[in-house]
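Let's take a walk through this model together. Have the sequence handy and the viewer open, and we'll go stop by stop.

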Amino acid sequence: MKVAFTLNGKGTEWQGAPVTRLAAALRDDLKLTGTKVGCDAGDCGACTVRLDGRQVCSCLVAMGQVAGRSVETVEGLANGALADLQTSFLAHGAAQCGICTPGMLMAAHDLLAANQRPSRAEVEAALGGVLCRCTGYGKIVEAVMAAARSVTLMTPAAGAAVGARLPRLDGVPKVTGRDAFGADAVPADALWIRVVRSPHARARFTLGDLGPLRARLTAVLTAADVPFNGYGIYPEIKDQPVLADGEVRYRGEALVALVGDRAAVLAVRDDEVPIAWTPEPPLFGIDAATAKDAPLVQADKPKNLLLDGGVKHGNVDDAFSKCAAIADGTFETTFVEHAYIEPEAGWAVRVGDRVEIHASTQTPYMDRDEVASVMRLRPEAVRIVPTACGGGFGGKLDLSVQPLIAIAAWKLGRPVALVYTRPESMAASTKRHPARVTARFGCDAAGKLLACDVTATFDTGAYASWGPTVANRVPVHAMGPYAVPNVRTWGEAFFTNGPPAGAFRGFGVPQAAIAHEAMMDALADKLAIDRLEFRHRNALCAGDTTATGQVLAHSAGLPQCLDALRPHWQKAHDDVATFNAKGGPLRRGVGIGCMWYGIGNTSMSNPSRMKLGLSPAGTLTLYSGALDIGQGSNTIMVQIAADALGLPAWQFQLVTGDTDLTADAGKTSASRQTFVSGKAAELAGRDLRQQILRLANAGPEATLALDDAKLLVRDGGVVRTLDLATVGGLLGEGSFDPPTTPLDQDGQGVPYATYAFAAQIAVVEVDIELGTVKVLRMVAAHDVGKAINPTLVEGQIEGGIAQGLGLALMEEYLPGRTENLHDYLIPTVGDVPEIECLLIEDREPLGPSGAKGVGEPGLVPTAPAILGAVHHATGVRVTKVPLLPHRLREAILAKEKAR
Ligand code: FES
Ligand code: FES
C-alpha cells in the first residue's frame, strides 16, 4: 500500500503493508530514529509523536491510518536553531539518558501548542503517558513550565566550571533525537538475531533436527557454536552460558539464536524450533533453595550457596544484655526490574581479525574482556564502541546482546544486530536481589546504640552475576550510618531458579536500609525520642571508627544532613497533625530514612585512567572511558578537567567509551565515576597544565587562553604564545585508584576510601480503607562532598527517589507474569511528588574538588522514609515491600483485630 501523508510539514510517500506501525515506518523506512521504541505496546510513550496535532503512541498507529494526515516528530521541532522547549530541557537538566526525551518533548509540544503557560497539573496531565526511569520527572516538568521564557544556556569562564550548573555537554543530540542508541544506527545490510528462550524455569532439553531452519535462515547458533560457553563478573565464576547446553535454570534463558534476514528470523514461530523439554520442579525463593535435600541449581555449588561472610566488632551478646531498649524484625523484598526505557540492543561487525561491538553498555572494558573470553580471542581483538545508553542502573553491567552478535558477525562476516523486545529484556536481564533481612538493634536509656545483629539473605537467582558484590557490600552497611560499638552482620546469597539477580542501584544496601531504619524508628518510639533526633545522636561523624575498624578521617556529613532537615521535619509534623485532626479515612504521616554508601568497589582495586590531548591544530580533547548512562559523567569529567587545566569547558571535545581510543576508566557503577574517574580527570588536567607551564616557562598562577593553534600563557604581566603546530601534540594523563584494604575474616579493614551520607524525609497520605499510599513530598539532604554540577546532582537524587518510591510501593517482578510495562508498574509523573534537594558539601580531600558520589545514595533512604511515614500514619510497621494496597490493607486489618 502506498501512503501519502505530511511529515514534519513536508509531503511524504511511504509504501508497505498497511498494518506496519508508524514507529517502525518512521525508524526503519524513513530513517527518523529520533522516535524511540521502548515497549512497542503503548505502555512507555517513548514513541510519542503528534498525529494531526494530537499526541499519540506511534507504535499503536498503523500506517494505513496515516494516509492524508499530518505527522510531527522530534526531528521537526527545531527549525535550524533549537526550539525554546529544547533549550529549556537543556537548561533544566530535563534529559538524562535521553531515551524518553523525544517522547517527552512531543507530549510537551502538544500541550504548549494550545497553552504556552501551563500549570504544573496541566503539564503532569500532558506527560502522563510517557515514562522516564532516570529523572524523577521534576526537572522535565519545570522545563516545560519554563519553556515560554527565554532561557540562556550558561558557559562558565576558565576556572569556573566546577560548581556551575553547566548544561549537559552531550545534551543537544538528546533533545534533537540525534543521539544514537543501540537500535538506532544498525547498518542497512545487517543480519538480525532472534533468540529462542526457555519458557521453563528449570528443565532439561534436547534440540531436534535444525537442518530445515538452517536451510531457511543464514545460521542457527547453539551452545556448540560458543567457543567458551560461560561468562560472569568474577574471574573465578563464569557460570552463565551464552546459550544453554541441555539444561535451563531460569525462565527466559537463551538456548538458540536464529540469524538471518530480519523478516525471516522474526517469521519463525517458537514451535518451529525443535526442542524436546523435560521440565523439572523449579526452586523459587530462599526457603526452597535452603531446604534440606533441595536439588542443586548448579551442580558444583553445594547447598546452593553462592557466598557468605560478615563483619564482627566488639561483644554483641554482652552489649545486648546491657541495652535499655531492643528492637527486632524481619523484612522482605522481591525481584525488582531495572526497566530502563531502552531495551538491550546493538550490532557487531568483523573487521579483519578483530570484532567491533556497538552496543548499549555501562562497562566497555569489562564487555571487551568478557566477549574475548567467550570467543577465545585476545582482548585486543575485541573493540567496544558504546552507543548512547538509554538507562542502565546496574542492569547493563552484565553482558546481554554482545556475545551473540559478536559470535555471529565473526562467523558470517556480515554485520549482525540484536534488539531485545520489552518482554525479552524483562525476562532475560538481571534483577534486584530479593532479600530477607533479620535485624536486632539495642541502645541505652539515652538512645545511644550499643549493639546490632543483622543477617541479610539474598536470592541470587540462577547465576552469580553481581551476587558476590551484594553479599560483600551489605554486611559493611547493614548497621546503617551509625556509630554502633558492637556489631555482628552477615550476608549470604543462594542460587534459585529465579532470574539472575545482579547489580541494581545500591547493590543490596537499599534492602538492608529498610531494616536498619525500621529499627531506628522502633527504638526511638520505645524511648519516646524524636526519630530524627535519635538518628542524630547516633550518626557517624568524622573521626569515628566504623564496624570494620576504619577511622573516618574526614567527610562524614550525616549530622549536617539531619540539621538541614530539622525545619522541614518540624513543619511536616505540624502540617500532618493539622490534616489528621480532621479525621476520616485519609491519614497522613511523616517518615525519615538515612543511609551511608561506600564509593567504589568493596575492598578491591578499581582504578580509572583519563587522557587529555591538545592537538597541533589546537583541538582539546578529553578521552574518557567513563560511560555516561544518563548520570552526566561526560559533563562532570570535562568540568573537572577544565578547571584543573585552566581552560573553559566549552572548548573541550569529548571521546568516550571506545576501547580503542580511551583508557580503562572502570565501570559506571558503585557511584564511583565522579570520585574515581573525576580524580583521574583532574590529574590529567593538572598534568597537561604542568607540561604547558613548563614549555612556557611560566609559574603556577599563570592563566591560559586557547585560540585555534595558539596557546596564550599569561604569567603576571608577561604573555607568551605557544604555537601548537610547532610544539606538536601534548597529552596529559591521570590515574587514580582509591585506597582500600582487604577485609579479614571478621570483616575488618578499609573497604572504601570514602562514603556518601544522606537523609530523606517523606510525607505520605494513606487511605486506610483502600490501603493505598500517595507520597506527597520528599525532602532530601545529601552530603556529596562537592556538587561539581548541582543540576546533575539533583537529577541523580530525584531519579533515585523515584526508583526508591517504586521499590517501596509498586514494583514486583514476577517471572511469566510481569514481563511488560503494563503489568510491571514503574512510577509515572503522577506518582512522584515534589522533591526538595538540600546539597551538603562536607569535602572529601581525596576526591576531585572534594567530590564523592551520588548515583546510588539518592535511592537508598527513600523506601525507609516512605515506610516510616506509613507507620506514622497508620501504626503499621511494614515488613514486606512493595507495599501494595492489599498488603497494607491486610496489615491494617490485622492490627485492628489485635487491638
Ligand atoms: S514504544 Fe510505543 S508506547 Fe512504548
Ligand atoms: S532520561 Fe528519561 S528515561 Fe532516561
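Asn 8 comes out as partly exposed, because its relative accessible area of 27% falls between the cut-offs of 20% for buried and 50% for exposed. Keep in mind as we go that this is a predicted model. You'll find Asn 8 in the loop between strand E1 (2-7) and strand E2 (10-15). Its backbone is worth a look too: phi is positive, about 50 degrees, although Asn 8 is not a glycine. Most residues other than glycine have a negative phi.

The peptide bond leading from Val 881 into Pro 882 is cis, with omega near 0 degrees. Most peptide bonds are trans.

Now for the rings. There are seven aromatic pairs in the structure. One of them joins Phe 205 and Trp 277, whose ring centres are 5.4 Å apart with 55 degrees between the planes, so the pair counts as tilted rather than edge-to-face, which would take over 60 degrees. This pair ties together distant parts of the chain: Phe 205 belongs to strand E7 (residues 203-207) and Trp 277 to strand E11 (residues 275-279), 72 residues apart. Phe 205 is buried at 7% relative accessible area, whereas Trp 277, at 24%, is partly exposed. Elsewhere, ring pairs join Trp 596, Tyr 752, Tyr 755 and Phe 757 into a cluster.

The charged end of Arg 432 sits over the ring of Phe 504, 4.4 Å from its centre, and Arg 588 lies over the face of Phe 579, 3.7 Å from the ring centre.

Next, some helix packing. Helix H16 (residues 531-538) packs against helix H17 (residues 558-580) at an angle of about 170 degrees, with the axes 10 Å apart, and the two are therefore roughly antiparallel. Among the residues making the contact are Leu 532 and His 536 of H16, and Leu 562 and Trp 569 of H17. By type, the contact residues split into five nonpolar, two polar and five charged.

Last stop: Ser 669, in the loop between strand E26 (652-656) and helix H19 (673-696). Ser 669 is buried, at 10% relative accessible area. Leaving aside residues up to four places away in sequence, Ser 669 touches Leu 397, Phe 507 and Glu 856.

Notes. Residues are numbered from 1 along each chain as its sequence is written. Chains are lettered from A and ligands numbered from 1 in the order in which they are written. This is a predicted model: local features need pLDDT of at least 70, side-chain atom pairs count only at pLDDT 80 or more; totals for chains, interfaces and linings use all residues. Side-chain values use heavy atoms; hydrogens and water are left out. Rings of Phe, Tyr and Trp (its six-membered ring) pair if their centres lie within 6.5 Å; planes under 30 degrees apart count as stacked, over 60 as edge-to-face and the rest as tilted. Helices (H or I, at least four residues) and strands (E, at least two) are DSSP runs, numbered from the N terminus. Buried means under 20% relative accessible area, exposed over 50%, partly exposed in between (1.4 Å probe, protein chains only). A charge sits over a ring if NZ of Lys or CZ of Arg is within 6 Å of the ring centre and within 35 degrees of the ring normal. Axes are lines fitted to C-alpha atoms, for helices over the stretch in contact, and angles run from 0 to 180 degrees between N-to-C directions. Angles under 35 degrees count as roughly parallel, over 145 as roughly antiparallel, 65 to 115 as roughly perpendicular and the rest as oblique. Contact means heavy atoms within 4.5 Å. Ala, Val, Leu, Ile, Met, Phe, Trp, Tyr, Cys and Pro count as nonpolar, Asp, Glu, Lys and Arg as charged, and the others, Gly among them, as polar.
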